Amino acid sequence: MTQLRGGIQQTWAAWSRFWFTPADSQLLAVIRILAGSLLFYTHLVWSFDLAGFFGGDGWLPADMMREQIHGQRPMLWSYFFYIESTPLLWLIHILSLAVFSCLAIGLFVPLISPLAFIAAVAYAQRVTPGAYFGLDPINCMLALYLCIGRPGDHFSVDAWLRKRRGQPAPEPSSRNNVAIRLIQVHMAVVYFCSALAKLQGGTWWNGTAIWWAVANTEYSTINLRWLADWPNLVAILTYATLFWELTYAALIWPRATRPWMLAGAVALHAGIGFGMGMLTFAFAMLIGNLAFVPGPWLQAAIDKLPTIRSSAVDSPRLDKNQTAKRTN
Amino acid sequence: MRNKERVATHRKMKKQGRPTQPIEAPPEDSAPEVNPPRILASLAILWHLSAVIVAPCAVLVSTAEPLAFPPGGGPPFAETSANGLETPLPQAPRSNDAMGNVEVSEPTSAWYPRPLAWLSVFEHYLDALYLNHGYSFFAPDPGPSHLLRYQISMQGGEYETGKLPDASQIWPRLLYHRYFMLAEQTEAVTQQAPSAPLAIAEHLTKSNGAERALVERMRHRLLWPVESLEGVDPQGAETYLIQGGVEWPPAEDSPPVEKTQ
């Protein structure tokens with residue numbers, strides 16, 4: 001009984017250490033800037049055919065989508081299903097872009113974060129199915145977890161205003177740690193399940209999948225069909241991709257292997273971005289991988305930027321013990 | 001210092017013959033708090049992570065081909081599986097819902113895990129937060145693309161033709177990708193909303209101020225490596241397979257539109 005109690009206490013201690021150690025929000029702030037910017041760009045692009053994708057009489061009419069597809073699942077919500085007027089549609093769209101830009105620059109973040117998440121989901125639900133792809137769930141995931149932490153405490157207009165008012169710097173908070181951990185665990189789930197899904201296909205087993213990906217001219221932006229003459233290289237790339245995704249959930253956590261896994265993420269997503277023309281998706285995935293960047297690395301990068309460092313002077317500095325607790 | 005480290009240090013000092021202090025239990029105030037907010041937060045985290053894990057797992061198990069949920073980002077499946085590997089899992093009943101509204105089915109055996117049933121517990125939560133995805137990027141296999149080819153009849157008898165997506169006409173790249181996904185996902189949408197292709201044709205007609213439109217769905221097959229080495233044009237006409245077409249207004253209301261090759 002004593003052993004059981006001791007085990008439970010140790011488990012609770014480890015759980016608390018993992019999730020609730022107070023953490024600085026600098027890393028979350030960097031993610032906020034990048035994710036907010038990506039959200040802004042993602043939704044700015046809809047402007048080129050806003051009525052087509054979101055209007056009542058667009059490519060896939062709102063009432064058709066609402067009644068025939070989303071009707072059986074009431075929580076597949078979007079206010080775009082109910083907007084018929086084009087001027088109103090544009091008003092909502094411009095307000096949403098304003099929300100995303102406020103998130104990126106860090107203005108009124110506690111209010112803006114949940115609004116950004118709601119807007120991101122509303123857009124995504126309206127075009128799912130229809131015109132969505134992997135970028136959208138990752139965008140919404142990042143927006144969700146930014147609501148949990150305090151990403152506006154650093155590198156933000158809010159932080160500048162706080163400093164001007166002479167208010168004290170914010171203390172490290174467990175919320176920041178919870179947000180970063182959720183991003184980390186979610187990314188691990190994404191890659192692992194992606195690998196499992198690939199294992200259902202024959203081409204990932206026989207080492208030809210990369211060829212079928214580069215042979216798709218609708219995706220490819222760089223002609224990589226010379227790989228037809230290099231079947232062994234295709235196989236190596238195929239198995240390396242599969243191995244990296246399959247082991248990400250295990251190898252991203254230890255300090256010894258984390259840099260290699262992060263390097264693999266950069267290589268994989270650079271290939272997807274530049275070779276397959278999905279730069280925004282690649283960027284979104286790399287933002288998610290940022291959650292694994294160790295605190296000392298981030299602090300070293302910040303220290304090299306004099307402008308940012310001067311505003312960070314007032315803030316609790318990341319110390320090795322704190323970052324060790326947060327990132328282990 | 002953690003208890004394990006304390007014990008290890010104690011043993012080391014004893015081996016070295018150095019004087020040691022009795023191992024004391026860590027002070028009570030170093031133990032993590034057990035308070036209601038933290039417990040509630042922990043329960044919420046567990047719930048959320050369970051949902052995050054169940055969603056893609058249910059997609060993996062629900063069916064091998066096609067997926068009950070739309071692919072998270074990858075194209076449809078290859079036309080042929082290279083070595084015909086069979087899925088090790090029994091096929092679940094297909095969903096009728098293009099959104100992946102999975103029918104929860106009873107297992108054929110009492111011991112068979114029921115991730116589809118688990119999904120029903122989290123369904124509303126996953127739907128509301130847009131977490132109901134399988135993350136099946138280029139999975140199970142990278143496959144051929146699907147495009148929409150259209151011909152619209154303008155007033156005065158002129159025709160305009162085009163295709164979606166068209167990289168030479170659409171910029172930026174993200175917008176091109178959106179039209180690409182529109183063409184790709186038309187089949188998935190049509191499974192639940194049969195009028196979807198007509199809606200697309202109608203939108204093409206009205207947005208271009210045209211009288212009629214013919215929209216055809218094409219599959220652009222992928223070249224085998226040997227074909228690429230032989231110099232086969234990946235954009236050649238023989239690589240496109242017409243899968244079907246619709247006219248707007250529907251054919252019974254107007255003379256049929258002459259199809260172009």
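**Sheet and helices in chains A and B**

Helix H6 of chain B, residues 196-207, lies across S1, S3 and S4 of chain B and runs at about 70° to S4(B). Contact here means heavy atoms within 4.5 Å. Axes are lines fitted to C-alpha atoms, for helices over the stretch in contact, and angles run from 0 to 180 degrees between N-to-C directions. Helices (H or I, at least four residues) and strands (E, at least two) are DSSP runs, numbered from the N terminus.

Some housekeeping. This is a predicted model, in which local features need pLDDT of at least 70 and side-chain atom pairs count only at pLDDT 80 or more, while totals for chains, interfaces and linings use all residues. Residues are numbered from 1 along each chain as its sequence is written, chains are lettered from A and ligands numbered from 1 in the order in which they are written, and side-chain values use heavy atoms, leaving out hydrogens and water.

Now the sheet. Four strands of chain B form an open sheet in the order S2-S1-S3-S4, with antiparallel pairing. From one strand to the next, the twist averages 20°. Two strands pair if DSSP finds at least two bridges between them.

Take S1(B), residues 145-153. Nine bridges join S1(B) to the antiparallel strand S3(B), residues 212-220. B:Leu148 stands opposite B:Arg217, and B:Gln151 has B:Leu214 as its bridge partner. Towards S2(B), also antiparallel, there are six bridges, and B:Tyr150 stands opposite B:Gly162. S1(B) and S2(B) make a hairpin with five residues between them, and B:Gly156 in the turn has a positive phi of about 95°. Eight of the nine residues of S1(B) are buried, so the strand is largely enclosed by the rest of the structure. Buried means under 20% relative accessible area, exposed over 50%, and partly exposed in between (1.4 Å probe, protein chains only).

Helix H4 of chain B, residues 173-184, lies across S1, S2 and S3 of chain B, at about 95° to S1(B). H14(A), residues 279-289, is mostly covered, with eight of its 11 residues buried. Among them are A:Phe281, A:Met285 and A:Ile287.

Staying in chain A, helix H1 covers residues 2-20. Its end C-alpha atoms are 26 Å apart, which agrees with the 27 Å that 19 residues should span at 1.5 Å a residue; the expected span is 1.5 Å times one less than the number of residues. The buried residues of H1(A) are A:Trp12, A:Ala13, A:Ser16, A:Trp19 and A:Phe20. Seen down the helix axis, they fall within an arc of 150°, so they line one face of H1(A). That arc is taken over the directions from the helix axis to the C-beta atoms. The face turned away from the buried side carries the exposed residues A:Gln3, A:Gln10 and A:Thr11.

H6(A), residues 109-126, reaches 25 Å from its first C-alpha to its last, close to the expected 26 Å. Of its 18 residues, 13 are buried, so H6(A) is largely enclosed by the rest of the structure.

Finally, a loop residue. A:His154 is found between helix H7 (135-148) and helix H8 (157-164) of chain A. A:His154 is buried, with a relative accessible area of 3%. Its side chain makes a polar contact of 2.7 Å with that of A:Ser25. A polar contact is a pair of N or O atoms within 3.5 Å; within protein, one must be able to donate a hydrogen and the other to accept it, and residues adjacent in sequence count only if both atoms are side-chain atoms.
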